[in-house]
Amino acid sequence: MHKHANESSRLFNVELSPETATGTWKTWNLFAWWMSGWHSLGGYTMAVGLFALGLSGYQMIAAFTAGIIILYFTNNMSGVAGQRVKVPFPVFARASFGVYGANIPAILRAIVAVAWYGIQTYLASAAMMLLVIKVFPSSATLTESSFAGLSALGWICFLVLSFAQLIVLSRGMEAVRRLSDFAGPAIWIAMIALAVWVLARAGWSVDFSYRTIEHDSGLFGMASAMFIVVAYLAGPTLNFADFTRNAPDEASVRRGNAWGLLLNATAFGAISIVIALASVKVYGEAIHDPIALMKDIDSIAILLVAIIAIGTATAGINIIMNFVAPVYDIINVWPRHFTFRKAGVVVAILSVIVTPWNLFSSPVIVNHFIGSVGALMGPLYGIVMADYYIIRRQKIDSDALFDDTPGGKYYYNGGYNTNAIIALVISGVIAIGMSVIPAISAWTPFSWPVGVVLSALIYCQLSTAKRRALGTVATD
């Protein structure tokens, strides 16, 4: 392996360096990555939760598709940038936030990822618990008491899945790629089987004009739904470079996004909504939790296949979307003290401490949590992308990203770029306010686009003004 120019720096860790980019994540791998990213119980719940906005089935599919198109373009931007520089997101952010200031977006992204990691592990463990009870009915006695809001059987299933995911991650990014290649397609088997089963019970017909509330929320509701879909993957969009750094070329990234988002994600949203509409005819209401549907499946064989597929796929999304990101973030904060494996253990422990089953209690809470995720991730995305595409004109010195000397290109003021921090604080306060102030709660879904646009404008204005004052131009 080529020796890095700043290998002796306190900022250097071999797992963060461009030299470790594998070049093995091709179009199919990124396509499977997106399949793993969308095909989950959380993704289903988010899609069906859009009924709460007063949308009909037709409107939900249209809004979902529009959100996917936005994600396609935003992930092309972050993904291509990562492929060019060949470093994970927290190192990439050193160019805009400073070599130490990059720990700010790293920690914020890690907090969000750990919460989602715990939620997805809990959802997969719920599927596993259902299977255990079906196969071993006597195990139902382990659900009669609880600790911290989770039954004994729930704890067992949750911890087993956590340990299994940790084993995969400990084997490195190539093991993650292989799991994604398998997990992505696997869930389609379960989703199609579930759709066929529910549609058969519904008489092979659904009412696409169905809505949960009487009034039509119109364009505002559709716009809200569109940005909820975008905010659902706001975190992974931000750190997409963690994976595309391993792509052999830009074309692979764009093709992977086209197949994985425009085709696959749109199809997943449509089939999720069809399942929910079919459940209306069977149960009288849209079922937001597919586990509730599975409880009615009498065949142990069908249930076994469905739960294994869903469990595997949920583990897949968890690792690629919510486990890798905080691992890189933790390594970035303490490059000399953490390895991929050690950081993974920390993430696994933190995911238990947050008791994710208490976070995930209803579709409304999920969507509000997603709104908060957007509030945090939007400004970060706006600053990092504006810095790369507008201020630096798509040029970054990868060696300088590891330079911790005061004269380093990205050292700024003591390792922090005050322009980025000011832009983050101003846009972040506004975006978070949109998410938490009850009087304007209807605007919560728009916190992500507001955060992106506002932070980018403020950052560009401050950066341009400073360069003019110093009489310099953007060079890297």
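**Cavities in a predicted model**

Student: Which residues line the second largest cavity?

Tutor: This is a predicted model. The second largest cavity has its lining made up of Ser-78, Ala-81, Phe-89, Phe-92, Leu-238, Phe-240, Ala-241, Val-384 and Met-385.

Student: Which helices each supply at least two residues of that lining?

Tutor: The lining includes Ser-78 and Ala-81, Phe-89 and Phe-92, and Val-384 and Met-385. The helices that each give at least two residues to the second largest cavity are H3 (57-85), H4 (89-92) and H17 (363-391).

Student: How many residues of this lining are nonpolar, polar and charged?

Tutor: Ser-78 is among the lining residues, as are Phe-89 and Leu-238. Sorted by class, the lining of the second largest cavity counts eight nonpolar, one polar and no charged residues.

Student: What is the volume of the largest cavity?

Tutor: The structure holds two cavities of 30 Å³ or more. For the largest cavity, the volume is about 120 Å³.

Student: Which element gives the largest share of the lining of the largest cavity?

Tutor: The largest cavity is lined by 15 residues, and among those nearest its centre are Trp-116 and Asn-322. Two or more lining residues come from each of H6 (103-135), H9 (218-232), H10 (234-238) and H14 (300-333). The largest share is four residues, and the helix that provides it is H6.

Student: How do the residues lining the largest cavity divide by class, and how many are charged?

Tutor: Ten residues of this lining are nonpolar and four are polar. The number of charged residues in the lining of the largest cavity is one.

Terms used: Residues numbered from 1 in each chain as written. Predicted model: local features only at pLDDT ≥ 70, side-chain atom pairs only at ≥ 80, totals over all residues. Heavy atoms only, no water. 1 Å grid on protein atoms, 1.4 Å probe; cavity = no way out; pocket = protein on both sides within 12 Å on 5 of 7 lines; lining within 4 Å. Points joined across faces, edges and corners; volume = space filled by probe spheres on them. Nonpolar A, V, L, I, M, F, W, Y, C, P; charged D, E, K, R; others polar.
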